[in-house]
Each structure stands twice: as structure tokens, then as C-alpha cells.
Amino acid sequence: MGESWKLVDHPKLGKGKTIAVIVLDGWGESNPNEYNCIHVAHTPTMDSLKNGAPHHWRLIKAHGKAVGLPTDDDMGNSEVGHNALGAGRIYAQGAKLVDLALASGKIYEGQGFKYIKESFQTGTLHLIGLLSDGGVHSRLDQVQLLLKGVSERGARRIRLHILTDGRDVLDGSSIGFVETLENDLAVLRQKGIDAKIASGGGRMNVTMDRYENDWSVVKRGWDAQVLGEAPYKFTSALEAIKKLRAEPKANDQYLPPFVIVDESGKPVGPIVDGDAVVTFNFRADRMTMLAKALEYENFDKFDRVPYPKINYAGMLEYDGELKLPNHYLVSPPEIERTSGEYLVHNGVRTFACSETVKFGHVTFFWNGNRSGYFNPELEEYVEIPSDSGITFNEQPKMKALQIAEKTRDAILSGKFDQVRVNLPNGDMVGHTGDIEATVVACKAADEAVKIILDAIEQVGGIYVVTADHGNAEDMVKRDKTGKPQLDKNGNIQILTSHTLEPVPIAIGGPGLSAGFRFRNDVPNGGLANVAATVINLHGFEAPSDYEQTLIEVVDN
Ligand SMILES: O=C(O)[C@@H](CO)OP(=O)(O)O
Ligand SMILES: [Mn+2]
Ligand SMILES: [Mn+2]
């Protein structure tokens, strides 16, 4: 072991306790009211933890600058949340890094831009990604700047393949985003640049699957974007979205794929040999599958025929370990020496578990956007297969019980010093905007926590229960005074997105030393303070450059 990996013993906290780190996805703290699904739901376990305040329960920040986002108006999300939880430091995240690269013009000086520029003379530049101002996966203003920048640098023919959001932003907002984009494209056309929207579809139905839950999502996108084939054809994107949204139960997240055709019915922008492609999402999880389809010579997830020879670049490098994609416009945050890596180097045996839709959150994101094990001898990562092809309000309990049972077994096996889980319910069901189902989801997550805490009780261990950002605690769009905001028909507007709320952290269990408590001198603590805290609970001092620990042990 390299000397630098060795952690110093904690002066007061001993080693050898089993620690359960439970992340409730999308579980913030907010005022009790009818739109707070966590409050409405029967959650006796989480409620009982709160009784431990202030020494065993507190709130921590999970949004904005505390997790490396550009401003404190940016809601939290799983990527930045789990990065902060695992890495113990605050890194400028993709959203911020792309802002800086666009502002300084550096984005046009790197190898990634030079690579796609090779196609500008004779080919088309395709931009594929999520069209919204959510700031979780992408941002419209960045796309607007990029369009301006590439057209000033020689792009002559540009096609956009848009994915509508409604998950990080209000449902129905896709129309406004497409109008904004169409205005910009019209300006480019006046300057002699042939710029158009070529295809589209809802993010959850087209392209943006993650962790290989359902390749058919990516294939639907491929058919529209590359082959110019889709069940719906329109001559304008605005018309496409308006008509498809008028279907019963339609919403932005799940719009079917469509292609834009000219008057003769020919698709305006399939991807062909000699073209360049940029996927403009900065966040990795929901672009990795498409990146593989665009880049890998050997690929067997679906039939890509034809597989065009293109120059492809990601907005960011999406996976540092896989070097995926090979070319990218902006370098990702260099997250290194994460808590998981330190603990493994110090002999801590680790178990991590979630279901597919959140599996990469407690592994890939937790480990600083790195896939795979640090040391397979000491680690076991278990993925419970998620349901696919459904919206999660249909099955709001998801796999919470299975995750909890696997984790209980891991705790009781005595084979692990740390078990780490993500319970997806509050978040995944919260994103559907279905309040009743989200209440069921929160109850299921609470029951799962109980199973894990009972096992920790049995083995004399310690639990750390926290969350990565808010979602289920507030399901309505509010005005500045905090009142539900009504639309023009007087209806409340359902909030499908994450929130700016803080999240709870509770620490307890029979393994805790007497005199343990939360410090009171870290009032602004956030997710990045959790790693040092957990390292302490394993009996070590955290590395000196980590954000400070939230806990202390006082002599009674
Ligand atoms: O579903 C997702 O991709 C995001 C929201 O865009 O949610 P989370 O950050 O919780 O994964
Ligand atoms: Mn999350
Ligand atoms: Mn989410």
C-alpha cells in the first residue's frame, strides 16, 4: 500500500463496527402540508430518527454551490449529490465547467472541437441532447452559445436532435424551449447557415435510459436520429410537440420519437458518413449508452445498420475509466481519492446495492464517476434489476424491499464493514408527479430503512441515514411567497423536479461511542461533509483536504 493511502487512526472512535450508509433518493425536508408526500406518508422509522435531534439528527445542504453547481438557484441532483457524498470535497461540476469553457472560448481550443470541426466543410454537425433549462443534464443557454460558436467557426449545416424534458422543469415547458431554439435557428438561417431541428422525443422514452435498464429506449432514438425513421413525422418540431402532447396522457418526459421531414416527406437530418455529432448533455449517466452506440466498433445491444462513420464528441468525457467517449469538448471534474478508494486501501470491506435505475449512483457516482471495483477482493456491488417499460407510479414500491433484504443479509453475513444503499422510491416516483403514488413510495422507502436498521441493531453496528437531494417533500410549483402557483386555468402546477431543500442526516445504532454527537460548529454543513463523517465512524481520521466532519465525541 502506498503510504499516501494510509489513514490515521481516529483518537476516539474505534474500528470494526458495521456501518450502514443509507441514501434515500429525493428525500428533502420541507414544511408539512398536503404536497409534502413524506409528511403525508406513514414513515414511522424516519420520524423516529428525527427525535434524535440535535445530537443524532440534523439537516445538511444538498443543492447549489454546496455541491459544486453554478449558483444557489440550482437544485440538487443525484450526480452531484453522490459525487459529494463519496468524494468528501466540493468539485466544480459539469454545468459550471461548461459555463466557464464557453465564456472563455476554451471549448473551441481543445482536441474535441478540432475533431468535430474536421467535418464542417463537407458534413453536417448534429447536436443531440436534453432541451431544457433544468441544469441537471444540460442547459439550453449552453446550447444557444454553442450554436453561435460553431457557426462562427465554420459549421455550415447543423441539425438538432432534441429530447423534451418535463422532469427537471414543468411539464409542457418543452413548447417554450423549442420556440426559443427555433428563433435562434432562424437567425442562423438568415446568416446562410442551414440549421434545423431534425428529430425529437421525450427523454424517458427516447435515448436517455441509464445503467442499461432498457436498450430499446436508445434504439428508438437511434432510429430517429441516425436513420431518420420514427412512427411520427412532422414538418416542424413545434407542430410535433403540440400534436403529440394533445394525445391522452401525453407528457414531455414520455413523448414518442418523431422525425422532421421536408415537403416531399424526406427526413431533414439523418446522420450519415462524414458527419460530426456532439451529445450536449454534460451529465454522464443518461448519455453513456448512446455514447457507446455512437462510438464502439463492436456493439451488440441492437442492430445499428447503418453505422455511419462520424466524428463524435461528448460535451464532457462521460466515463474516465472507460475513456468514453474518446473525444469531448470539456474536461470533467477530476474527482480523485474518493472515500471509497481510501477505505478499501485501509481494509474496509464494502457492499453497495441499489436497483438498476440507481445502481450507478451508489457505485459510479459515489466513486467519482468511475466504473468498476477498486479492489474486487474487498468489494461487492449488487444490482437488483429494475422494472422497465413502466412509469414508476405504476409500481411505487419499486425494489425497496429487495434492496433492504439483500442489504440485511450482507450485514448479517459479517463479511462487510460498510454497506451502502440507495433507495430510489421518493425520487423516481416523485418525478412522475403522481402524488398518491409518491406517498406509497415514501412509505416503502421507510419500511426498507427499518429492515436495514434492525439488522444494524442485531450486529451492534452504526447507521448513517441521509439523502442526496429533495424531491418527494414538495410536489407543487410555488410562487416567491411559497404559495402554490396556479396556471392560467387556476390549477396547481405539479412539480416533477428535484428541489432546493436541505436533506436530513441521522446517525445512531448500538455501535456508537458514548459521548457521540453532531458538532454544533458546522451549521452550513452539506453533503460533502458526510464522507469525513463516515470515515470517522470506521475509526479513521479523514484526509486533511476533505470537508470537515459533522461529528465529535465528547467526554461525559
Ligand atoms: O432522472 C434523472 O436523470 C435525474 C433528473 O433529471 O434525477 P436524479 O438526479 O435523481 O438521477
Ligand atoms: Mn437522486
Ligand atoms: Mn431524480
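Reader: Is Arg286 buried or exposed?

Author: A residue is called buried if 20 or more other C-beta atoms lie within 10 Å of its own, exposed if 12 or fewer, and partly exposed in between, with C-beta atoms placed from the backbone. Arg286 is buried, because 26 other C-beta atoms lie within 10 Å. This is a predicted model, in which local features need pLDDT of at least 70, side-chain atom pairs count only at pLDDT 80 or more, and totals for chains, interfaces and linings use all residues. Residues are numbered from 1 along each chain as its sequence is written, while chains are lettered from A and ligands numbered from 1 in the order in which they are written.

Reader: Which residues does Arg286 touch?

Author: Two residues are in contact if their C-beta atoms, placed from the backbone, lie within 7 Å. Leaving out residues up to four places away in sequence, Arg286 touches His137, Met208, Asp209, Arg210 and Asn281.

Reader: Where is Asp168 found?

Author: Helices (H or I, at least four residues) and strands (E, at least two) are DSSP runs, numbered from the N terminus. Asp168 is in the loop between strand E4 (157–164) and helix H7 (174–190). Asp168 is buried, with 23 other C-beta atoms within 10 Å.

Reader: Which residues are around ligand 1?

Author: A residue counts as near a molecule if its C-beta atom, placed from the backbone, lies within 6 Å of it. Around ligand 1 these include Asp25, Asn77, His137, Asp168 and Arg286.

Reader: Why does ligand 1 lie between domain 1 and domain 2?

Author: Domain bounds come from an automatic or database domain assignment. Domain 1 (3–91 + 335–553) and domain 2 (95–330) both give residues to the shell, so ligand 1 lies between them.
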